[in-house]
Amino acid sequence: MNLGSPDSTELNDVKRYLTQFLMDGRVIDVPYLVRTFLVKGIIIPSRAKNSAEAYKTIWTKDGSPLVEFTKQLRTAVQENFDEPVEVAMRYGNPSPQEAYKKLLDKIPDLEEVVLMPLYPHYAMSSYETAVEYMKEIHSKNNYKFKLTTVKPYYNDADYITALADTIKPYIQGDYDKLLFSYHGIPERHIRKSDITKGHCLSSGNCCEVDSPAHDYCYRHQVRVTTKLIVEKLNIPEEKYEISFQSRLNNKWLKPFTDIRLEEMPKEGTKKLLVVCPAFVSDCLETLEEIAERGKESFMNAGGKTYAMIPCMNTNPLWVSAVTTLIKSVES
């Protein structure tokens, strides 16, 4: 299961997609009436046209890159299973209902479905909403089969190996710094997900202090992923940093990718590599926000070279990692 995408770059399709996405209470976590006013009264009218134009810059002859890469991953993973593998999106198509139906058409007496969320890290606006939506559809339709979910795999050895494999060729060349740009989330989401109700964001080193909150803490988990990658690739501390992209306001996780891209050339970082480990499939946020607009910002600020490292997409090691994660899930 992945995030999803509009069916096309037509304005009405983009509006429909954005409405479904932004009306999700785990994405914009305010009361329903307030959310409706914000989304349908302000955000959609003001942003849909720009979003449609952004999608047009990355759209392929086969459609949405995210959807196509996810389908290609499905095809590759299917080679490792006798059981059928299907794709569902949290927003847009193919829907969870479609995925469940295809599985049932192939196996009418289906006993169990294993859900593989394509989100390595836990966040209420990504992993959690995907899993809960699949559970909701499963419950509403009174399906007889069991639904089992792969847990967040931000520190899984096979995921780290696959991610490192995509990065390694780029760091063999000349570069000043590798920027780990993770999708941003509001700081309040970190606090809401804190099961201890007092650990997350309570101190400057809360991510380094052991706590049950870490099982649900996006900030902690992206730091662990980064640490494991730099250790595996022997990247010196002065050669990398973490930032967060796609922010909507200043109360999101910091530092902000867009700001850092403008600051780094002035600090002496002229040759930059950017990787987006929260995304396993290339999409609008990697191809347009980072590869296009991010490059423009960095170069205009005085940068010399800039490269966005593609997502794992259908990297054979990633296909193997997905296969292993599914097979090792506890029923």
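**Close-up views of a predicted model**

View 1. Ile58 counts as buried, at 9% relative accessibility (buried: under 20% relative accessible area; exposed: over 50%; partly exposed: in between; 1.4 Å probe, protein chains only). Ile58 belongs to helix α2, residues 32–58 (helices are DSSP runs of H or I of at least four residues, strands runs of E of at least two, numbered from the N terminus). Beyond its neighbours within four places in sequence, Ile58 is in contact with residues including Pro65, Cys283 and Leu287 (contact: heavy atoms within 4.5 Å). This is a predicted model: local features need pLDDT of at least 70, side-chain atom pairs count only at pLDDT 80 or more, and totals for chains, interfaces and linings use all residues. Residues are numbered from 1 along each chain as its sequence is written, and side-chain values use heavy atoms, with hydrogens and water left out.

**View 2. Salt bridge between Lys192 and Asp29.** The closest N and O atoms of Lys192 and Asp29 are 2.8 Å apart (salt bridge: a side-chain nitrogen of Lys or Arg within 4 Å of a carboxyl oxygen of Asp or Glu). Lys192 lies in helix α7 (187–192) and Asp29 in the loop between α1 (11–22) and α2, so the pair ties together parts 163 residues apart in sequence. Lys192 is partly exposed, at 44%, whereas Asp29 is buried, at 11%.

**View 3. Salt bridge between Arg223 and Glu208.** The N to O distance is 3.4 Å. Arg223 sits in helix α8 (218–233) and Glu208 in the loop between α7 and α8, 15 residues apart. Arg223 is partly exposed, at 29% relative accessibility.
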